[in-house]
Amino acid sequence: MKVTWQLQDNAACGGLSNEVYQLITVEPSPPTFSSVPADAFITTQDTTDPEVLGIAEGSSPCNQEFNIVSSDGDPVAVEGECGKWVIERTWTIVPYFDEEVCTGTYADSSSQVQKI
């Protein structure tokens, strides 16, 4: 939004100031998580599929389009617990873009971690 200000004095000479412009930029609040799946405990025969273990959900205060994506870290052995491993699944809110055209993230991109 562009606003133009011009000042006029009340003296008889009727002087006007030069125009002064003010540029106001309004950035909408980014989407936030409304729910994130709880940590899950599985066996080696079980699936790690997000459709089974749960999918994070979010909401946007300004009805912005967005995606929630997940990425799994490598399994990490739990020290002192023979045969126990942890996978960290990170859920991230990203802007909706045509992936063939561009990609991006929100400045205040938020992530949540689910342990499997």
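Is Arg89 buried or exposed, judged by relative accessibility? At 1% relative accessibility, Arg89 counts as buried, where buried means under 20% relative accessible area, exposed means over 50%, and partly exposed lies in between (1.4 Å probe, protein chains only). The model is predicted: local features need pLDDT of at least 70 and side-chain atom pairs count only at pLDDT 80 or more, whereas totals for chains, interfaces and linings use all residues. Residues are numbered from 1 along each chain as its sequence is written, and side-chain values use heavy atoms, with hydrogens and water left out.

The chain contains one helix and nine strands. Helices (H or I, at least four residues) and strands (E, at least two) are DSSP runs, numbered from the N terminus. Along the sequence these elements follow the pattern β-β-β-α-β-β-β-β-β-β. Of the 116 residues of the chain, 15% count as buried. The chain exposes about 8,900 Å², of which carbon and sulfur atoms supply 51%; accessible areas come from the Shrake-Rupley method with a 1.4 Å probe, and for residues only the protein chains shown count as cover. Among contacts (heavy atoms within 4.5 Å) between residues at least 6 apart in sequence, 47% join residues at least 24 apart.

Three strands form an open sheet in the order β5-β8-β9, with antiparallel pairing. Two strands pair if DSSP finds at least two bridges between them. Strands β5 (66–72) and β9 (111–115) stand at the edges, each with a single partner strand, so one side of each has no neighbour in the sheet. From one strand to the next, the twist averages 25°; the axes are lines fitted to C-alpha atoms, for helices over the stretch in contact, and angles run from 0 to 180 degrees between N-to-C directions. In general, strands of a sheet pair through backbone hydrogen bonds, either parallel or antiparallel.

Strand β8 (residues 88–95) is joined to β5 by seven bridges, and the two strands run antiparallel. Five bridges join β8 to β9, again in an antiparallel arrangement.

Arg89 lies in strand β8, and Asp72 stands opposite Arg89. The side chain of Arg89 makes a polar contact with the side chain of Asp72 at 2.7 Å and reaches the backbone oxygen of Thr48 at 2.4 Å. A polar contact is a pair of N or O atoms within 3.5 Å; within protein, one must be able to donate a hydrogen and the other to accept it, and residues adjacent in sequence count only if both atoms are side-chain atoms.

Not counting residues up to four places away in sequence, Ser71 touches Glu88, Arg89 and Thr90. Ser71 and Trp91 are 20 residues apart in sequence, with their C-alpha atoms 6.8 Å apart in space.

A search of the whole structure finds three salt bridges, each defined as a side-chain nitrogen of Lys or Arg within 4 Å of a carboxyl oxygen of Asp or Glu. Side chains of opposite charge can pair when their charged atoms come close. Asp72 and Arg89 meet in a salt bridge through their side chains (2.7 Å, N to O). Asp72 lies in strand β5 and Arg89 in strand β8, so the pair ties together parts that are 17 residues apart in sequence. Asp72 counts as partly exposed at 40% relative accessibility, whereas Arg89 is buried, with a relative accessible area of 1%.

Glu88 forms a salt bridge with Lys115, the closest N and O atoms being 3.9 Å apart. This pair links distant parts of the chain, with Glu88 in strand β8 and Lys115 in strand β9, 27 residues apart. Glu88 is partly exposed, with a relative accessible area of 38%, and Lys115 also counts as partly exposed at 41% relative accessibility. The side chains of Lys84 and Glu81 likewise meet in a salt bridge (3.4 Å, N to O). Lys84 is partly exposed, with a relative accessible area of 36%, and Glu81 counts as partly exposed at 38% relative accessibility.
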